[in-house]
Amino acid sequence: MANISIPAHLRRSRSTLMSRMARRLGLWRQRRALARLDDAALEDIGVTRREAEAEARRPVWDAPANWRL
């Protein structure tokens, strides 16, 4: 059986895709967690309920520019 190697540029593409997916999953989880905080916890971090709900509704591809690589 012959060994088949994946070209380096395809390995990097796959790695980049997996990294992006992992970051988006993390962002989705953070936004869900933010939406579940009670009012006291939101007050502790200086976020209003309205701001938390607005952030939680944002799609995963709508990330702050400094989070994108």
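These are my notebook entries on a predicted model of a protein.

**Entry 1: overall make-up**

I began with the secondary structure and listed three helices and zero strands. Read from the N terminus, the order of elements is α-α-α. I then looked up the confidence. The mean pLDDT of the protein is 86, and 84% of the residues reach 70 or more. Of the elements, α2 has the highest mean pLDDT, at 97, while α1 has the lowest, at 85.

**Entry 2: surface and contacts**

I looked up how much of the chain is covered. The protein has 69 residues, and 9% of them are buried. Its accessible surface is about 6100 Å², and carbon and sulfur atoms hold 57% of that. For contacts with a separation of 6 or more, I noted that 52% join residues 24 or more positions apart.

**Entry 3: salt bridges**

Side chains of opposite charge can pair when their charged atoms come close. I found that the structure holds four salt bridges.

I took Glu-55 with Arg-31, where the closest N and O atoms are 2.9 Å apart. Glu-55 is in helix α3 and Arg-31 is in helix α1, so this pair ties together parts that are 24 residues apart in sequence. Is Arg-31 buried or exposed? Arg-31 is buried, because its relative accessible area is 4% and the cut-off for buried is under 20%. Glu-55 has 23% relative accessibility and so counts as partly exposed.

I went on to Asp-39, which forms a salt bridge with Arg-49; here the closest N and O atoms are 3.1 Å apart. Asp-39 lies in helix α2 and Arg-49 in helix α3, so the pair ties together parts 10 residues apart in sequence. Arg-49 is partly exposed, with a relative accessible area of 26%.

Glu-55 also meets Arg-58 in a salt bridge, at 2.9 Å from N to O. Arg-58 is partly exposed, and its relative accessible area is 26%. Which residues do shared partners join into one network? I wrote down Arg-31, Glu-55, Arg-58 and Asp-62.

Met-18 lies in helix α1, residues 8-36. Met-18 counts as partly exposed, with 48% relative accessibility.

**Entry 4: Val-47**

Where is Val-47 placed? I found Val-47 in the loop between α2 (39-45) and α3 (49-57). At 22% relative accessibility, Val-47 is partly exposed. Leaving out residues up to four places away in sequence, Val-47 touches Leu-42 and Ala-52. I also checked Leu-34, which is 13 residues from Val-47 along the chain; the C-alpha atoms of the two are separated by 9.6 Å.

How values were computed: Residues are numbered from 1 along each chain as its sequence is written. This is a predicted model: local features need pLDDT of at least 70, side-chain atom pairs count only at pLDDT 80 or more; totals for chains, interfaces and linings use all residues. Side-chain values use heavy atoms; hydrogens and water are left out. Helices (H or I, at least four residues) and strands (E, at least two) are DSSP runs, numbered from the N terminus. Buried means under 20% relative accessible area, exposed over 50%, partly exposed in between (1.4 Å probe, protein chains only). Contact means heavy atoms within 4.5 Å. Accessible areas come from the Shrake-Rupley method with a 1.4 Å probe; for residues, only the protein chains shown count as cover. pLDDT is the predictor's confidence in each residue, from 0 to 100. A salt bridge is a side-chain nitrogen of Lys or Arg within 4 Å of a carboxyl oxygen of Asp or Glu.
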